[in-house]
Amino acid sequence: MLGLSGQGGPLPMGSILGTRVLRTEDPAILRRGGIYTDDVMDERLDGAVHVTFVRSPLAHARIESIDTSAALNAPGVLAVYTGADVELPPKPPFMPMIHNGFSRPLLARDTVRFVGEPVAVVITTEASQGEDAAELVSVSYDPLPVVIDPRAAATDEALLFPEVGSNTCFALPSQPDENFFAGCDAVVHHVVVNQRVAPAPMETRSCAAVWGEDGRLTAWLPNQGAQGSKNAYVSALSLDPAQVRVITPDVGGAFGAKFGADPEQVVVAWVARELQRPARWTEYRYDNLLAMTHGRAQIQTLSVGGTRDGKLLAYRLDILQDSGAYPAIGAILPFLTRMMAPGTYAIERIESSARSVVTNTTPVGAYRGAGRPEAAAAIERAIDLFAAEIGMDPAEVRRRNLLPIFTEPHDNGQGATYDSGDYLAALELALKTCGYDELRAEQARRRASGDVRALGIGIACYVEITGGGSESGDAKENAQIEVHPDGSATILTGTSPHGQGHATAWAMLANAELGIPIDRITVVHGDTDLIPEGGGTAGSRSLQQGGAAVQQACRELVDEAVQRAADVLEANPADLVLDRERAAITVAGSPEVAVTLADLAGQQRLFIRSVFTAPGPTFPFGAHVAVVEVDTETGKATLQRLIAVDDAGIILNPLLAEGQIHGGLAQGAAQALYEEVVYDEAGNPLTATFADYGFPSAAEMPTFELARMETPTSYNPLGAKGIGEAGSIGATPAVQNAVVDALAHLGVRHVDMPTTPYRIWKAMREATS
Amino acid sequence: MINVSITVNGVARTEEVADRQLLVHFLRDTCGLRATKVGCDSTSCGACTVLLDGVSVKSCTVLAAQADGSAVTTVEGLAGADDELHPVQAAFHREHGLQCGFCTPGMVMATVGLLNENPNPTEAEVRTALEGNYCRCTGYHNIVRAVLAASEGSVA
Amino acid sequence: MIPPLFRYERAGSVEQALSLLAEHGDEAKVLAGGHSLLPMMKLRLANPAVLVDIGRIADLRQIRLDGDQVVIGALCTHAQIASSAVIGEHLPLLARAAGMIGDPQVRHRGTIGGSLVHADPKADHPLAALASGATIVVQGSQARREIPSDEFFLGYFTTAVEPDELLVEVRFPSAAGLGWGYEKLVARSNDWAVVGVATVGGRIALAAMGDRPLRARGAEEALAAGLGIQAAADRAAEDTEPNVDISGDVEYRSHIARVLTRRALAAATGSG
C-alpha cells in the first residue's frame with residue numbers, strides 16, 4: 001500500500017549519515033553574523049525609503065478621521081498613506097470555508113479591531129525619522145464595545161463584523177451522545193486554558209522591496225517558503241507570477257509565524273511601486289509582540305471517563321479557539337487538534353467539537369506544533385485528572401491505556417493514520433532515564449517531613465503529525481542536484497531553513513550518495529527565480545520530504561551518469577558502479593577504467609531535478625518527564641529536570657536533531673511556566689515588551705536529558721519522521737503536570753498555564769478553602 | 001550632531017553622529033558592521049551585546065556619544081589575523097551553539113566578556129551570566145556547553 | 001526604539017553639570033549609565049529636550065571609607081559595587097543587591113546614582129539604601145545637602161532631588177559584622193521583583209509594596225521588642241499599598257512580604 005522501495009533501516013558502515021557533522025553554515029555566521037533582511041545591502045536597494053506603520057491604540061473603534069498634515073511636515077517625510085490610499089483588496093481569510101466578510105484590509109479602513117492594527121504608513125528618508133513622524137499622525141477614533149474573552153465573543157453580543165452577523169468564523173460541531181460515559185466508574189470534567197503565546201523569533205518581521213524598470217517586483221523578506229511568499233504577493237497585488245521574485249535572506253527564526261506575506265509586507269511593496277523607489281521596513285520588538293500572529297489560544301473543555309482500575313473508556317474534547325481579530329491559520333488549527341485528540345492512547349469513545357471566534361486581539365496563527373501541542377496538552381491533562389480521581393499513579397494509567405506497539409499503519413479513529421509507533425517503550429525509557437521510583441520516593445520524603453519545597457513529577461506521552469499536506473500544500477518536495485566540471489556540486493531545494501541546518505544535512509545526503517566532499521557542496525534555497533516551486537519549511541516536513549528529494553535526485557543523477565559513462569567508457573551500463581571515493585563512474589573490478597562525475601559535467605551539463613512524493617504524513621512520538629520544585633510558601637515553580645525521549649525514526653544528524661529537540665523543549669516548558677500574552681478588559685496589551693512577556697533565559701532552563709529511540713518509518717527511504725516540533729509538544733504538558741503533581745497532596749487538581757507563582761498560590765488557597 | 005572618536009575592532013573612527021544615535025546603530029549603519037543585531041526595545045535580549053572598553057554592554061542602551069573616546073569590540077573583530085576562529089567562536093561551532101544565528105553575535109560577545117571576568121564558571125554561573133541574552137532556537141543547552149567548552153580547564 | 005530628539009551636552013565636572021542643569025531647568029535630565037533613562041526614552045515614555053552626560057566625571061566613581069562610613073560615588077556601577085572588597089566587607093547587603101540587578105551587561109553600565117534618582121519602587125538600590133539607612137548627598141549650585149534615605153523617596157519615580165541638583169555620592173554606615181538578609185521573589189531570573197525585602201541592623205525595607213520603597217515599621221517594632229522573627233514577619237505588610245497587576249494582587253503581595261521578611265530575618269540571624 002505504500003508503494004515505495006527502500007525501507008528505512010540501519011545505515012551502511014562508514015556512511016556519514018547518522019553522524020554528528022558540524023554545520024557548514026556556522027563559520028560565516030560566527031565571523032560576520034548572519035545576513036537577515038534588515039542587513040541586506042544590495043545596489044537595487046540604494047536610496048530606499050523607510051516605512052513606519054501607525055498602529056491603532058484601541059482594540060475596537062471606528063476611524064472617524066485621519067489628519068496627516070503635521071506628519072507630512074515632519075523632517076524627512078516623503079509621504080503618508082492611509083487605508084483610503086492603498087487601493088488593494090482586503091486579504092481574504094486563510095481558508096475558503098471561512099466567510100469572506102472576515103477579510104482583513106491591509107491598512108484599516110473604517111474600523112480597527114485590535115490594538116496594533118496598522119492604520120497608516122509614514123514614509124521617510126531615514127529610518128530614525130519614522131517614529132517621530134508616526135507620532136504626528138492624528139487619528140480620531142470612536143470607540144466600539146471590546147470583546148477579549150472568546151466566551152464572550154461566542155455569545156455574539158458585540159460583533160466585530162456586523163455584516164457577517166456572527167463572531168464565529170469556523171466550527172466543527174459534533175452531536176453529543178448522552179450515553180457517552182456509560183460504563184464509567186469515574187468521570188472528570190475540567191476546563192483548561194491553552195493560553196495565547198507570542199512566537200517571538202529573535203528576528204522581527206522585515207521587508208525590502210523594489211520594482212524594476214521591467215515592472216518586476218523583487219522582495220526580500222524573512223519567510224518559511226519563498227514560493228508561498230511569492231504567491232501572497234501575486235494575490236495581494238493582482239500580479240502575474242512572472243512579475244514577482246522573492247529572495248529569502250537568512251531568517252532569524254520563524255516558528256510558524258513567518259508564512260507568506262503579512263499585510264505590512266504587502267504595503268511595503270505597494271509603497272515601493274507608488275513612489276517608484278525601493279522601500280524597507282523592519283519592525284521593532286514592541287510592534288512584533290503586538291502584531292505578529294500569536295499562537296495557541298484555546299479554551300478546552302475536557303471530559304474523561306473510565307473504570308476504577310484505570311481503563312479509559314470515553315474522552316470528549318470541546319475547543320473554543322480564539323482567532324483574534326481577523327481569522328488566520330489559527331482559526332482552523334482545531335481541525336488538527338481534533339485529529340490528534342486521542343494522542344497515544346487506545347480510548348474506545350472519542351468525541352470532539354470546535355468553534356473558532358474572532359476577538360479584539362491580535363490574529364492567531366501557527367506556532368511550533370500548530371494545533372498538535374494543544375491536543376497533547378489536553379489529553380495529558382485529562383489522563384492526570386483521571387488518575388487523581390481514581391487515586392492511581394499517572395504513569396500506571398498511561399501504561400494501561402497506551403496503544404500497543406504497531407508497525408503497520410494504525411487509524412486513530414479521528415482522521416489520522418499513524419505510520420509506526422512504540423509508545424510503551426518510549427514511556428518506559430523516559431521513566432527509567434529519570435529514575436521515576438527514586439523521584440517518587442524523594443517526593444514522599446519531602447511530604448512526610450513537611451518540606452516547603454515540594455517536588456513534582458509530570459509525564460507526557462505524545463504522538464504528533466509531521467509532513468502533513470495541510471500547512472504547505474501536497475506532501476511532496478523537489479530538489480535539484482548539479483555536479484560542476486570542477487567537481488563541486490550545487491543543490492537547489494524547495495525547503496526553507498531558518499536555523500535547522502539544511503545546508504549541512506542536504507550536503508550530507510549528497511555526500512553519502514555521490515562521494516563529493518561536504519565542503520564542496522553548496523545548498524541554495526529561497527530564491528523563486530532559481531527555485532520556482534517548493535513547500536517551504538513548516539510542519540516538520542523538510543527532511544522527510546525535502547531531504548528524501550535530495551537523496552532521490554542524487555540517485556537519479558548517478559543513474560544518468562552511468563548512462564553517459566557507458567558511452568564514454570564504451571562499457572555496458574550494467575557493469576558500471578559509482579566509486580564514491582573518487583566521485584567517479586567505474587567499471588566494476590577495473591578501477592582504472594573510470595570517468596569522474598566532474599568530467600562528465602565538463603562534457604555536458606550534469607544535473608537532475610526530482611520530486612519526492614510522500615505517501616502521507618508521519619507520526620513521531622515520545623515521552624517527556626519533567627521534575628519541578630515548587631516553593632509552597634511563595635508559589636514559585638522551578639524546572640529542575642526535563643527528560644525527553646523523542647522518536648523521529650532514523651536520525652540523519654544527531655547534532656542537528658538534538659538542537660531541534662532542545663529548542664522545542666525550552667519553548668514547551670516556557671509555555672507551561674512563564675509565557676502568556678495578556679490583554680486587559682479594554683484590549684490593551686500588557687505584555688508587549690520583552691521585559692513584560694515571559695520569554696525564558698538560560699537561567700530558567702535546565703540542561704535537558706535526551707534518550708534516544710529510533711522507530712523507522714517506511715514512508716521515505718531515509719526512514720525519517722519530522723523532529724522540529726516534537727519538543728514543544730511533549731514538554732508543555734509534562735511541565736504543567738509536574739506542577740500540579742507537586743501540589744497534589746494539598747488537594748490541587750489543576751493549575752492553568754503559565755503556572756506563575758501567583759497562579760500556583762491561588763490554586764493552593766482554593767484547594768484548602 | 002556631535003563628533004565622536006571611537007575605536008572599533010582596533011580601527012580608530014571619527015564620525016559626526018546624531019545626538020540620539022545609539023551605539024548599535026553607529027556600529028551597523030555608520031561603520032557598516034552589521035553582525036551586531038537589534039532584537040528588542042527594552043534592553044532585555046542582548047542581541048546587541050558588544051565589548052565597550054573590554055566589558056560587555058548592550059549597545060542599544062548606550063549612546064554613540066557616550067562611547068566617544070572608547071574602544072568597542074564586535075564579533076567581527078574576534079577572529080585572528082589569519083581569520084582563525086576565536087576560541088569562543090570555535091566552541092560555539094563545535095557544540096552546535098547556534099541555529100538561526102540571530103542571537104549569536106551578542107551571545108558570543110557576552111561569553112567573551114563573561115570569560116574575561118570569570119574564566120572558569122560553573123554551569124549555574126554560565127546560565128545566570130547569560131540571563132540578558134535571549135535565544136529562541138537552541139533552548140540554551142548547547143550554548144551553555146559551548147561556554148563551558150571555551151572556558152579554561154573545562155571538560156566538554 | 002529610537003529615542004525622541006534631544007540635545008546632548010557633556011559635563012566635565014560637577015560644576016559644569018550644575019551649570020547646564022540650571023541653564024535648561026525642567027527640560028534637562030542627567031545621563032549617567034543611562035540604563036534607567038534610555039530604556040524609557042526608547043519606548044517614548046520620557047522626552048527630555050536635553051541630556052547632560054555626567055559619565056566622565058571621574059570624581060564620582062570612587063568608593064572609599066570615611067571613618068565608619070562607606071562613601072560611594074554616584075557613578076559607581078552595579079558591577080563595581082558588587083565586586084568591591086570594601087563594600088563586600090562593610091556592606092554585604094548592598095553587594096548582594098547590586099549583584100542581582102539585571103544582567104552583567106546592565107551592571108556594567110547602570111549606576112547607583114542613576115538607580116536611586118530613578119526611584120523605581122521595585123528596584124534593588126532604593127531598597128538597599130533604605131534598609132541600610134544610607135544618606136544621599138546632593139549637590140546644588142548653592143548648597144550641598146545630605147538627605148536621609150527615609151526622606152529621599154517621595155513617590156513613583158520621584159525623589160527629593162531638585163531639578164537643579166546633582167546626586168554626587170551615597171554614604172552608608174558600615175554594617176561590618178551585622179546580620180543581614182536580602183530576599184526577592186521573581187518569576188524569571190531577570191524580572192523585576194514581585195516583592196523585595198532587605199534587612200540589616202534592625203531596619204527592614206520593602207520593594208514593590210507601594211509607590212516607593214517602604215520601611216516595615218510594624219515589623220521593626222516587633223523585632224525591637226524581642227517578639228521574634230515570626231511576629232515581626234506577620235506585621236511586614238502593615239501600612240503598605242502594593243501594586244495590583246498580573247504578578248499579584250494586594251493579598252498575594254502582602255503574603256509574600258511576610259514570607260520574605262521572615263526569610264530575610266532568618267538569614268540575618270544566621271549571618272550575624
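Modeller: The contact between chain B and chain A takes 42 residues from chain B and 55 residues from chain A, where contact means heavy atoms within 4.5 Å. This is a predicted model, so local features need pLDDT of at least 70 and side-chain atom pairs count only at pLDDT 80 or more, while totals for chains, interfaces and linings use all residues. Residues are numbered from 1 along each chain as its sequence is written, chains are lettered from A and ligands numbered from 1 in the order in which they are written, and side-chain values use heavy atoms, with hydrogens and water left out.

Colleague: How much area do chain B and chain A bury between them?

Modeller: About 4,100 Å², with 57% of it on carbon and sulfur atoms. Buried area here is the accessible area (1.4 Å probe) that two parts lose on being put together, summed over both.

Colleague: Which residues in chain B lose the most area to chain A?

Modeller: His93(B), Tyr134(B) and Arg136(B), which together make up 20% of what that side buries.

Colleague: And how many salt bridges across the interface of chain B and chain A?

Modeller: The rule finds six; a salt bridge is a side-chain nitrogen of Lys or Arg within 4 Å of a carboxyl oxygen of Asp or Glu. One joins the side chains of Lys37(B) and Asp39(A), at 2.7 Å from N to O.

Colleague: Which elements give two or more residues to the side of chain B that touches chain A?

Modeller: Helices H2 (87–94), H3 (104–117), H4 (123–129) and H5 (141–150) of chain B. H2(B) has the largest share, four residues. Helices (H or I, at least four residues) and strands (E, at least two) are DSSP runs, numbered from the N terminus.

Colleague: OK, now the other interface. How many residues of chain C are in contact with chain B?

Modeller: 33 residues of chain C, against 31 of chain B. The area buried between chain C and chain B is about 2,600 Å², and carbon and sulfur atoms give 55% of that. Met1(C), Gln105(C) and His108(C) supply 24% of the area chain C buries there, more than any other three residues.

Colleague: What about salt bridges between chain C and chain B?

Modeller: Two by the rule. Asp103(C) forms a salt bridge with Lys58(B), their closest N and O atoms being 2.7 Å apart.

Colleague: Switching topic: what's the strand order in the open sheet of chain A?

Modeller: E18-E26-E27-E28, four strands with mixed pairing; two strands pair if DSSP finds at least two bridges between them. The edge strands of chain A are E18 (453–463) and E28 (705–708).

Colleague: In which sense do E18(A) and E26(A) pair?

Modeller: Antiparallel, over 11 bridges, with E26(A) covering residues 621–631. Leu455(A) stands opposite Glu629(A) in E26(A).
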